[in-house]
Structure formats: C-alpha cells, structure tokens
Amino acid sequence: MINKDSSIPLYIQIKDVWKEQIERNLLKPGDQIPTENELCKLYDVSRITVKQAINSLVNDGYLVRSRGKGTYVKPPKLEQNLAGVTSFTEDMIRRGLKPGATLLNTEVETAEPDIAARLQLGDGARVIKVQRLRLADGQPMAIETIWLPYHLCPTLLQEDLTTSIYQILKNQYKIVFNRAVQYLEASKAEKREAKLLQIEPGDSVLEMERQSYMKDNVPVEFTQSVYRGDKYKFRVELSGQ
Ligand code: GLP
C-alpha cells in the first residue's frame, strides 16, 4: 500500500505497486487495470497523481492505453525480448556519441547464392544492398554492407539511408527483429577499408556479421561490418545459470 508520509512521491509508490504486480505475473498481459477514478478512490489521491503513475507505467512499457476502452497490461513485445538486437544508431546514442552515415553504394540486385542462402531466398530473388560508412561524432567507425530481401522493403532506397535503417524498417514496414546471430572476428584492414576508416592498411579491425530474423524466423538482413579495432569495443552481458 502507499504511504503518504513517505518522501517517495505518491505516483512512484502507486507505479511500484502495479509494476510489482505485473512483474510477479499477478496481472497478466491483456488484464485491464482500474479506471483513473477508481484508482483515485482506491489510493485516496488526486487524478493528477494517478495520471502520472499510469503515464510512467505506459512509458516504461508495462501498460498500454486503448482509446475509449481503458488501460491494459501490455503483452510482451518482441522488441523487448530483443533488447540485444540494437542498431548502430542506438549503440552510438547509448555511448553518448552522435550517430551518422555516409552512403557509399546502393543497389537492387539479384542475390548472389551465398546471400540468397543466408536470407533464405530462392534463385533469382532480388535483394537491396546498401553500403555505408558509419560515423560516430563525425568520425569513421565502421563500414557496413547490408542486404535485405527486396520484397520486404521495396521502397527502402527512397528513404534517407543516412539515418537508421532499423528505424525505417520499423516505421515504414512494421518489421521488428525477433533475434539475430552475430559473429565477430579479428582482421586487418584492406587498402580501401583503411582509407575509408582513416587508418593504415594492415591496422586491426573487427569484422562482424549479423543475420537478423523477424518473427517465425523470417530472415530480414544480412550485414557485414568492418569496425575500427582501436575505436570499438563490443559489450556482451552474460547471465548466470
Ligand atoms: C548494427 C548492426 C547491423 C545493422 C545496423 C543498423 O550496426 N550490426 O547489422 O544493420 O546496426 O543500424 P542503423 O539502424 O543505425 O542503420
């Protein structure tokens, strides 16, 4: 219950009560929570306090409002399971850097056999290929080449590809990643890579491959990246048994 003498704001206390119920699964996805009026009466607090608590739960992804119908416990979203499938843009923002991209090449082409296999496409299927130099605070960080099945995002090349492709996929095509498989390998910069990354040929780079899938294991992207070895650190969080 809530304590009006506590220094913890009332809305936070109310929020914590509901958050705990949801986290302990006492409330299930789709369960409706009481109306604002009912909550005001239940906790004997103002409507503003109740609104703040609900807004905060909505912002944190615990509740969802359905217009005219009420407020419900939010079903777990694919994106949330997939906190790990982050984009370059998100990675840079998280590090406090300004993400950017310079477009090097864009193409719609018939998928090469290895790309077709990775994207589980049939013979002759078309793919969109985008090669970009990724920047952090204006400095070259990685060269990224991404292949996507053409039929999933046929108008992608009309978008501003100096921004986040993941964001475009989500906004324009409602594509949400479910999982990804990623490989990292140490390597040495080739001449062209070194020039673009502003390092010397032979300097250390990290090569990364990512294959991402949406629900039902449908492949969405295959990406090969070459990161500057001196600038980039990959962080992996491991949980116990
Ligand atoms: C990371 C991933 C790539 C992905 C890219 C999308 O760099 N390794 O596989 O294509 O993010 O980034 P953005 O959404 O910023 O274009």
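Is Gln-211 buried or exposed at 14% relative accessibility? Gln-211 counts as buried because its relative accessibility is 14%, where buried means under 20% relative accessible area, exposed over 50% and partly exposed in between (1.4 Å probe, protein chains only). Accessible areas here come from the Shrake-Rupley method with a 1.4 Å probe, and for residues only the protein chains shown count as cover.

A word on what you're looking at: this is a predicted model, in which local features need pLDDT of at least 70 and side-chain atom pairs count only at pLDDT 80 or more, while totals for chains, interfaces and linings use all residues. Residues are numbered from 1 along each chain as its sequence is written, and side-chain values use heavy atoms, with hydrogens and water left out.

Back to Gln-211, which sits in strand 8; helices (H or I, at least four residues) and strands (E, at least two) are DSSP runs, numbered from the N terminus. Leaving aside neighbours within four places in sequence, Gln-211 is in contact (heavy atoms within 4.5 Å) with Arg-118, Arg-179, Ala-180, Val-181, Glu-221 and Phe-222. The Gln-211 side chain also makes a 3.2 Å polar contact with that of Tyr-213. A polar contact is a pair of N or O atoms within 3.5 Å; within protein, one must be able to donate a hydrogen and the other to accept it, and residues adjacent in sequence count only if both atoms are side-chain atoms.

| Side chain | Distance to a ligand oxygen atom |
|---|---|
| Arg-134 | 3.1 Å |
| Glu-221 | 2.9 Å |
| Thr-223 | 3.4 Å |

Taken alone, the ligand exposes 390 Å², and the protein buries 100% of that.

On to the nonpolar cores, meaning sets of buried Ala, Val, Leu, Ile, Met, Phe, Trp, Tyr and Cys residues joined through side-chain atoms within 4.5 Å. The largest one has 18 residues, and those touching the most other members include Leu-148, Leu-169 and Tyr-173. Strand 5, strand 6 and helix 7 give two or more residues to this core, and helix 7 gives the most, with five. Beyond its neighbours within four places in sequence, Tyr-173 is in contact with residues including Leu-152, Cys-153 and Pro-154. There's a second, separate core of 17 residues, with Trp-18, Ile-22, Ile-33 and Ala-53 among them.

Most residues other than glycine have a negative phi. Asp-137, in the loop between strand 5 and strand 6, has a positive phi of about 50 degrees although it is not a glycine. Asp-137 counts as partly exposed, since its relative accessibility is 46%. Gln-198 lies in the loop between helix 8 (191–197) and strand 8, and has a positive phi of about 60 degrees without being a glycine. At 56% relative accessibility, Gln-198 counts as exposed.
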